[in-house]
Amino acid sequence: MTSFKVKNMVCDRCKSVLKSELEKNGLRIAHIELGEVTFEESSNIEINKVREILDRNGFELVIGQKEQLITQIKKHLIVGLQDQSLNQNLSKYIVDKMNKDYSVLSKLFSAHEGITIEKYFIGLKIERVKELIQMGDRTFSEIAYQFGYNSSSHLARQFKSATGMSMGTYQKAREWNRKPLDQIV
């Protein structure tokens, strides 16, 4: 089987779109997960065709080892945030998932993305917080608790620092400007 790492594949809808597009072009998928597509052995794979399909749909083929590591870090953070399994220390979570020294991963991520892993993760959380505020079925305290904050005021400070407005102002504005998770950096 042949596998490719894919940048910007951050949700189930991304997986569905990409699977559909690849299969429409005669490529048989054995497995697809966030950030990675595995083709069946019998699938005749032309790298340029795969790259064209990815580009056309807003994805990128990850070639180098550094890009693969960064894509894996982002994938683990997104998955951890979505399934709420990331309520532990961020560096420990990354080390457990990647089996690599955190300082090496952190330096690589910062050099390549121009932002620390921690700030990237805060950006992910803020976008999810915006989504939950829009849904309107949780209080700010419940949202803060869901993301492992000790208090809603801590989340409120981070939210204001990241967006320039309070959570209450964001909620009342109803002109919600959310970023897709693949555009956090």
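Tutor: Buried means under 20% relative accessible area, and exposed means over 50%. Keep in mind that this is a predicted model.

Student: Okay, Arg128 then. Buried or exposed?

Tutor: Arg128 has a relative accessible area of 16%, which is under the 20% cut-off, so Arg128 is buried.

Student: Which helix is Arg128 in?

Tutor: Arg128 sits in helix α6.

Student: And what is Arg128 in contact with, beyond its sequence neighbours?

Tutor: Leaving aside neighbours within four places in sequence, Arg128 is in contact with Leu81, Gln146 and Phe147.

Student: Let's follow Gln146. Where does Gln146 lie?

Tutor: Gln146 lies in helix α7, residues 140-146. Its relative accessibility is 13%, so Gln146 counts as buried.

Student: What does the side chain of Gln146 make a polar contact with?

Tutor: The partner is the side chain of Arg138, at 3.3 Å.

Student: Back to Arg128. How far is Gln82 from Arg128 in space?

Tutor: C-alpha to C-alpha, Gln82 and Arg128 are 8.6 Å apart. In sequence they are 46 residues apart. Gln82 belongs to helix α3, residues 65-82. At 39% relative accessibility, Gln82 counts as partly exposed.

Student: New topic: α8. How many residues does α8 have, and what span does it reach?

Tutor: Helix α8 covers residues 152-163, so 12 residues by the DSSP run. From first C-alpha to last, α8 reaches 16 Å, close to the 16 Å expected at 1.5 Å a residue.

Student: Which residues of α8 are buried?

Tutor: Leu155, Gln158 and Phe159 are buried in α8. Seen down the axis, the buried residues of α8 fall within an arc of 100°, so they line one face of the helix.

Student: What does the face turned away from the buried side of α8 carry?

Tutor: That face of α8 carries the exposed residues Arg157 and Ser161.

Student: And what covers the buried residues of α8?

Tutor: The cover includes α6 (117-135), α7 and α9 (167-173).

Student: What happens just after α8?

Tutor: Gly164 takes a positive phi there, about 85°.

Student: Rings next. How many aromatic pairs does the structure hold?

Tutor: The structure holds 2 aromatic pairs. In one of them, the rings of Phe159 and Tyr170 have their centres 5.6 Å apart and their planes at 70°, so this pair is edge-to-face. The pair links distant parts of the chain, with Phe159 in helix α8 and Tyr170 in helix α9, 11 residues apart.

Student: Phe159 and Tyr170: buried or exposed?

Tutor: Both Phe159 and Tyr170 are buried.

Student: Now the largest nonpolar core. Which residues touch the most other members?

Tutor: Leu18, Val37 and Leu77 do, out of 48 residues in that core. Helix α6 gives the most to this core, with 8 residues.

Student: Where does Thr2 lie?

Tutor: Thr2 lies in strand β1, residues 2-7. Its relative accessible area is 35%, so Thr2 is partly exposed.

Methods. Residues numbered from 1 in each chain as written. Predicted model: local features only at pLDDT ≥ 70, side-chain atom pairs only at ≥ 80, totals over all residues. Heavy atoms only, no water. Helix = DSSP H or I, 4+ residues; strand = E, 2+ residues; numbered from the N terminus. Buried < 20%, exposed > 50% of the residue type's maximum accessible area, 1.4 Å probe, protein only. Polar contact = N/O pair within 3.5 Å; in protein donor to acceptor, adjacent residues only side chain to side chain. Expected span 1.5 Å × (residues − 1). Arc of directions from axis to C-beta. Contact = heavy atoms within 4.5 Å. Core = buried A, V, L, I, M, F, W, Y, C linked by side-chain atoms within 4.5 Å. Phe/Tyr/Trp six-rings, centres within 6.5 Å; stacked < 30°, edge-to-face > 60°.
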